[in-house]
Amino acid sequence: MMAKSPVRATGVPHPYWPRDLSIPGYVVNDRSMHEILSFLFSVSGLFLLSTWVLTGRKWARDGRGQEFGVARRLAICWFAVCGFIHGVIEGWFSLYYDVIPSDQSFLSQLWKEYSKGDSRYVIADNFTVCMETVTAWFWGPLSVWTVFAFLANKPCRFVLQLIVSLGQLYGAVLYFYTEHRDGYSHSQMGHPLYFWFYFVFMNILWIVIPLVLILDAWRHLQQAQTHTDLAQKEKTN
């Protein structure tokens with residue numbers, strides 16, 4: 001028996017996988033891929049550049065009173081960009097996931113473009129909605145708090161780094177693993193843009209970078225605990 005065509009399923013041909021996917025009310029984007037990607041990377045770049053400049057100011061110092069090193073400045077920039085992506089981009093999805101297929105707002109069109117790499121977003125897949133909602137409303141604000149904590153030298157800064165990075169890593173691992181169990185059926189397997197760039201590259205960042213930051217936070221917290229233990233021993237002697 002032949003599968004339904006995308007035209008019958010939605011009334012309009014769609015670019016998503018699997019090809020017989022039903023997307024009621026789907027409306028084709030009127031914004032080009034270049035417009036959408038330019039917006040995403042331009043705004044992300046603006047957050048990165050602004051934070052980089054901010055962390056280089058004379059008043060910006062680490063816990064030892066020294067200027068932030070390059071690695072620390074990049075880490076703070078990462079959390080600033082995460083605050084934007086989690087809070088705004090993913091926040092939009094968490095609020096409007098049910099109308100995105102038919103909506104022509106710019107951020108809805110962004111999600112329809114991204115869905116070419118993972119169609120779970122355009123059908124409001126349960127896991128995707130839950131994962132993105134947690135990411136938007138927990139890791140988004142906490143990412144912003146992490147930036148502030150480092151700039152203000154708050155004692156909780158590495159605790160926040162550890163919590164946010166663990167949350168990001170856990171979400172990204174589940175994101176890939178659930179799609180693996182589905183046989184990578186929601187994307188055109190091997191497509192250079194939609195599969196390798198949208199689906200793989202743009203998400204594997206939230207595995208590689210959080211892993212590095214978890215190890216960094218672990219090291220600093222271990223050093224702090226060691227220092228506290230030694231101070232306690234000195235008091236008792």
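Visitor: What share of the residues of the chain count as buried?
Guide: Of the 237 residues, 43% count as buried, where buried means under 20% relative accessible area, exposed over 50% and partly exposed in between, with a 1.4 Å probe and protein chains only. This is a predicted model, so local features need pLDDT of at least 70 and side-chain atom pairs count only at pLDDT 80 or more, while totals for chains, interfaces and linings use all residues. Residues are numbered from 1 along each chain as its sequence is written, and side-chain values use heavy atoms, with hydrogens and water left out.

Visitor: Thanks. How many helices and strands are there in the chain?
Guide: Seven helices and zero strands. Helices (H or I, at least four residues) and strands (E, at least two) are DSSP runs, numbered from the N terminus. The C-alpha trace spans about 80 × 35 × 30 Å along its principal axes.

Visitor: Is α4 mostly covered or mostly open?
Guide: Mostly covered: eight of its nine residues are buried. Trp-111 is one of the buried residues, and what covers them includes α2, α3, α5, α6 and α7.

Visitor: And what is Trp-111 in contact with?
Guide: Leaving aside neighbours within four places in sequence, Trp-111 is in contact with Ile-89, Glu-90, Trp-92, Phe-93, Ile-100, Tyr-121 and Glu-132. Contact means heavy atoms within 4.5 Å.

Visitor: Which residues have the most contacts inside the largest nonpolar core?
Guide: Ile-89, Trp-111, Tyr-121 and Tyr-175, in a core of 48 residues. A nonpolar core is a set of buried Ala, Val, Leu, Ile, Met, Phe, Trp, Tyr and Cys residues joined through side-chain atoms within 4.5 Å. The elements that give two or more residues to this core are α2, α3, α4, α5, α6 and α7. Another core, of five residues, lies apart from it, and includes Tyr-16, Leu-21, Ile-23 and Val-122.

Visitor: Switching to pockets: what volume does the largest pocket have?
Guide: About 910 Å³. On a 1 Å grid over the protein atoms alone, a pocket is an open set of points where a 1.4 Å probe fits, with protein on both sides within 12 Å along at least five of seven lines; lining residues have an atom within 4 Å of a point. Grid points are joined across faces, edges and corners, and the volume is the space filled by probe spheres set on the points.

Visitor: Which residues are closest to its centre?
Guide: Of the 40 lining residues, the closest are Ile-85, His-86, Met-202, Asn-203 and Trp-206. α3 gives the most to the lining, with nine residues.

Visitor: How does the lining divide into nonpolar, polar and charged?
Guide: Into 30 nonpolar, seven polar and three charged. Ala, Val, Leu, Ile, Met, Phe, Trp, Tyr, Cys and Pro count as nonpolar, Asp, Glu, Lys and Arg as charged, and the others, Gly among them, as polar.

Visitor: What about the backbone: which residues does a cis peptide bond join?
Guide: Trp-17 and Pro-18, with omega about -5°. Pro-18 sits in the loop between α1 (6-10) and α2. Tyr-184 has a positive phi of about 50° although it is not a glycine. Most residues other than glycine have a negative phi, and most peptide bonds are trans.

Visitor: Last one: is His-186 buried or exposed?
Guide: His-186 counts as buried because its relative accessibility is 11%. His-186 lies in the loop between α6 and α7, and its contacts include Trp-17 and Pro-18. The His-186 side chain also makes a polar contact with the side chain of Glu-179 (2.8 Å). A polar contact is a pair of N or O atoms within 3.5 Å; within protein, one must be able to donate a hydrogen and the other to accept it, and residues adjacent in sequence count only if both atoms are side-chain atoms.
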